[in-house]
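Here's a quick briefing for anyone meeting this structure for the first time. Take a look at the model, then read on.

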Amino acid sequence: SVTIAAPRDDLTDDLRTGVMSIVPNSQYNFVPGTSMASPIVAGATVLIMAENSNLTPADVEDILQISA
């Protein structure tokens, strides 16, 4: 089952995956991998913690899994 979705880590000629991000020379491109996936999970965690800062890491993990 999917708990939280984040970008894939591969690019193919006919399918662009990842997150649109700024690259050198003020250009945009799709960037895949954990460097782009981690902020998505961290952001979800911050939103959960903003509602209840007393949650433990295990609590946050449970919430992410239950609310998927």
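This is a predicted model: local features need pLDDT of at least 70, side-chain atom pairs count only at pLDDT 80 or more; totals for chains, interfaces and linings use all residues.

**Helix 1 at a glance**

Helix 1 covers residues 34–51, and the points below go around it.

**The buried side**

- M36, A37 and I48 are the buried residues to look for in helix 1.
- Looking down the axis of helix 1, you'll find its buried residues within an arc of 120 degrees, so they line one face of the helix.
- What do the buried residues of helix 1 pack against? Their partners are strand 1 (19–23), strand 2 (27–31) and helix 2 (57–66).

**A closer look at M36**

- M36 sits in helix 1, and it counts as buried because its relative accessible area is 16%, with the cut-off for buried set at under 20%.
- Along the chain, M36 and S21 are 15 residues apart, and their C-alpha atoms are separated by 8.8 Å.

**V41 and its patch**

- V41 also belongs to helix 1, but this residue is partly exposed, with a relative accessible area of 30%.
- Together with I4 and I40, V41 makes a nonpolar surface patch of about 180 Å².

Definitions and conventions: Residues are numbered from 1 along each chain as its sequence is written. Side-chain values use heavy atoms; hydrogens and water are left out. Patches are made of residues with over 30% relative accessible area and no salt bridge: like charges are joined within 9 Å, nonpolar side chains (Val, Leu, Ile, Met, Phe, Trp, Tyr) within 5 Å. Accessible areas come from the Shrake-Rupley method with a 1.4 Å probe; for residues, only the protein chains shown count as cover. A salt bridge is a side-chain nitrogen of Lys or Arg within 4 Å of a carboxyl oxygen of Asp or Glu. Helices (H or I, at least four residues) and strands (E, at least two) are DSSP runs, numbered from the N terminus. Buried means under 20% relative accessible area, exposed over 50%, partly exposed in between (1.4 Å probe, protein chains only). The arc is that of the directions from the helix axis to the C-beta atoms. Contact means heavy atoms within 4.5 Å.
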